[in-house]
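Here is a briefing on one protein chain. Look over the sequence and the model, then read the points below.

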Amino acid sequence: MNDVSDERAKYLHGQPKDLTVDQKFRLIIRLLRRDFPADIPIKVRRKTAEEIKRKIFGWCSLANSGKSKSEQYFLITINKSCSWAQQFDTVLHEWAHALTWNEVEQGKDHSDLFARAFGKLYRTYIED
Ligand SMILES: [Zn+2]
């Protein structure tokens, strides 16, 4: 795949272009945890399209939502059968949902607040 978003995403924080997708993925998660922590932990897992059984890039959910805050965490699932550019965009998108979870709970998943959070993440890790 050689689309514009692949060209763009490989400049992630000026890291060498020859990192594998797995290495780049671990790197972006490390950066997100450092730069944009949520008030509860964010766990990330990657599954193949076959394991997910749905045509979807990824999603974010709140685990243990009925329990006490200390037991809760966000769980982001990423479809690792997608290209690096898609996984990169998706993890930023889902991370922005975790950061603006109140909006999700009010049924405003892709609100202006979400868009600002997503834009901030996006600008942080893309080199123009
Ligand atoms: Zn969304």
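α4 passes α6 in a right-handed crossing. The model is predicted, and every value below is computed from it.

**Helices α4 and α6**

- Helix α4 covers residues 84-99 and helix α6 covers residues 112-125.
- Their axes come within 9 Å and cross at roughly 130°.
- On the α4 side, the contact uses Leu92, His93, Trp95, Ala96, His97 and Leu99. On the α6 side, the partners are Phe114, Ala117, Phe118, Leu121 and Tyr122.
- By class, the contact of α4 with α6 holds nine nonpolar residues, two polar ones and no charged ones.

**Helices α2 and α4**

- α2 and α4 pack at an angle of about 20°, and their axes are 11 Å apart. α2 is therefore roughly parallel to α4, since angles under 35 degrees count as such.
- The crossing of α2 and α4 is right-handed.
- From α2, the residues in contact are Val21, Lys24, Phe25, Ile28 and Leu32. They meet Trp84, Gln87, Phe88, Val91 and Trp95 in α4.
- The contact of α2 with α4 divides into eight nonpolar residues, one polar and one charged.
- Trp95 of α4 is listed in the contact with α2 and in the contact with α6.

**Nonpolar core**

- In soluble globular proteins, nonpolar side chains tend to be buried together.
- Here the largest nonpolar core has 18 residues. Those with the most contacts inside it are Ile76, Val91, Leu92, Trp95, Ala96, Ala98 and Leu121.
- Which elements each supply at least two residues of this core? They are α2 (21-35), β3 (73-79), α4 and α6.
- α4 gives the most to the core, with eight residues.
- Ala98 touches Ala38, Ile42, Cys60, Phe74 and Ile76, leaving out residues up to four places away in sequence.

**Overall fold**

- The protein has six helices and three strands. From the N terminus on, the order is α-α-β-α-β-β-α-α-α.
- Buried residues make up 25% of the 128 residues.
- Among contacts between residues at least 6 apart in sequence, 60% join residues at least 24 apart.

**Ala49**

- Ala49 lies in helix α3, residues 49-52.
- Is Ala49 exposed, partly exposed or buried? Ala49 counts as partly exposed, because 13 C-beta neighbours lie inside 10 Å.
- Leaving aside neighbours within four places in sequence, Ala49 is in contact with Asn79 and Ser81.
- Ala49 and Asn79 are 30 residues apart along the chain, yet their C-alpha atoms are separated by 5.9 Å.

**Positive phi outside glycine**

- Lys53 is not a glycine, but has a positive phi of about 65°. Lys53 is found in the loop between α3 and β2 (58-63). Lys53 counts as exposed, because it has 9 C-beta neighbours inside 10 Å.
- Asn64 is not a glycine either, and has a positive phi of about 60°. Asn64 is found in the loop between β2 and β3. Asn64 is partly exposed, with 13 other C-beta atoms within 10 Å.

Definitions and conventions
Residues numbered from 1 in each chain as written. Predicted model: local features only at pLDDT ≥ 70, side-chain atom pairs only at ≥ 80, totals over all residues. Axes fitted to C-alpha atoms, helices over the stretch in contact; angles between N-to-C directions. Helix = DSSP H or I, 4+ residues; strand = E, 2+ residues; numbered from the N terminus. Left-handed = near helix turned anticlockwise from the far one by under 90°. Contact = placed C-beta atoms within 7 Å. Nonpolar A, V, L, I, M, F, W, Y, C, P; charged D, E, K, R; others polar. Core = buried A, V, L, I, M, F, W, Y, C linked by C-beta atoms within 7 Å. Buried ≥ 20, exposed ≤ 12 C-beta atoms within 10 Å, placed from the backbone. Parallel < 35°, antiparallel > 145°, perpendicular 65-115°, else oblique.
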